[in-house]
Amino acid sequence: MSDKSAADSLALLGAGILGFAGVGAAAMSAHAGEDPRLASAVALVCLTHAPALLALGLLARCGLVLRIAALLLFVGATLFSGDIALRMFDHGRLFAMAAPAGGMTMMAGWIAVAIGAFTFRR
C-alpha cells in the first residue's frame, strides 16, 4: 500500500469512526444523560466532520494539503468530542484545554481545505 492510499484509507477510517460516534452521541442526547446538550455537541461535531473526512479521503490522492486537512479535522474532532464526552460521563477531561485545542485544530483543518482549493489537481 502506498503512502497516498494509506492516507486515503485513514481518512475513510476516521470518517467511519466519527460517523459511528456521532450517531451514538445523538442517541444519547435523546435518551440519556443529565445534560443532553453535551451529547448534542459531540454529535454535531462528529456528524459534520465525518462526511468531510469521507470526501477528503476520496480526494486526498489529489494533494498533500488535503491529506493534511483530513488529519487536522480528524484529530481536532476527536480531541474536542472526546473531551466533551468524558465530561458528560463525569470522567474528567482528556487534558487541560483539550476541547479548545481540538476546536482550533478543526479550524486549521478547514483552512487547509480552503488552501487545498488552490493546490487541487485531478
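D90 is exposed, at 68% relative accessible area. Exposed here means over 50% relative accessible area, buried means under 20%, and partly exposed is in between, with a 1.4 Å probe and protein chains only. D90 sits in the loop between α3 and α4. Its phi is positive, about 60 degrees, although D90 is not a glycine.

Ground rules before I go on. This is a predicted model, where local features need pLDDT of at least 70, side-chain atom pairs count only at pLDDT 80 or more, and totals for chains, interfaces and linings use all residues. Residues are numbered from 1 along each chain as its sequence is written, and side-chain values use heavy atoms, with hydrogens and water left out.

M97 is in the loop between α3 and α4. M97 has a positive phi too, about 70 degrees, and is not a glycine. M97 is exposed, with a relative accessible area of 55%. A96 is in the loop between α3 and α4 as well. A96 is exposed, at 64% relative accessible area.

Next, the helices on either side. Helices are DSSP runs of H or I, at least four residues, numbered from the N terminus; strands are runs of E, at least two. Helix α3 covers residues 64–88, and α4 covers 98–119. α3 and α4 pack at an angle of about 160 degrees, with their axes 7 Å apart. The axes are lines fitted to C-alpha atoms, for helices over the stretch in contact, and the angles run from 0 to 180 degrees between N-to-C directions. So α3 and α4 are roughly antiparallel to each other. The cut-offs: under 35 degrees is roughly parallel, over 145 roughly antiparallel, 65 to 115 roughly perpendicular, and the rest oblique.

Which hand does the crossing of α3 and α4 have? The α3 and α4 crossing is left-handed. That term means the near helix is turned anticlockwise from the far one by less than a right angle; clockwise would be right-handed.

Helix α2 runs over residues 36–59. The axes of α2 and α3 come within 9 Å and cross at roughly 165 degrees. Therefore α2 and α3 are roughly antiparallel to each other. The crossing of α2 and α3 is left-handed.

On to charges. Side chains of opposite charge can pair when their charged atoms come close. How many salt bridges does a search of the whole structure find? The search finds 2. A salt bridge is a side-chain nitrogen of Lys or Arg within 4 Å of a carboxyl oxygen of Asp or Glu.

Take R87 and D83. They form a salt bridge, and the closest N and O atoms are 2.7 Å apart. Why are R87 and D83 separated by about one helical turn? Because they are 4 residues apart in helix α3. R87 is partly exposed, at 33% relative accessibility. D83 is buried, at 0% relative accessible area.

D83 also forms a salt bridge with R93, where the closest N and O atoms are 3.3 Å apart. This pair links distant parts of the chain: D83 is in helix α3, R93 is in the loop between α3 and α4, and they are 10 residues apart. R93 is partly exposed, at 41% relative accessibility. Shared partners join D83, R87 and R93 into one network of salt bridges.

Helix α1 spans residues 3–31, and L10 is in it. L10 is exposed, with a relative accessible area of 59%. L10, L13 and I17 form a nonpolar surface patch, with about 300 Å² of accessible area together. Accessible areas come from the Shrake-Rupley method with a 1.4 Å probe, and for residues only the protein chains shown count as cover. Patch residues have over 30% relative accessible area and no salt bridge; like charges are joined within 9 Å, nonpolar side chains (Val, Leu, Ile, Met, Phe, Trp, Tyr) within 5 Å.

Last stop, G19 in helix α1. G19 counts as buried, at 17% relative accessibility. H49 lies in helix α2. H49 counts as buried, at 7% relative accessibility. The C-alpha atoms of H49 and G19 are separated by 8.2 Å, and the two are 30 residues apart along the chain. For G19 and R37, 18 residues apart along the chain, the C-alpha separation is 18 Å.
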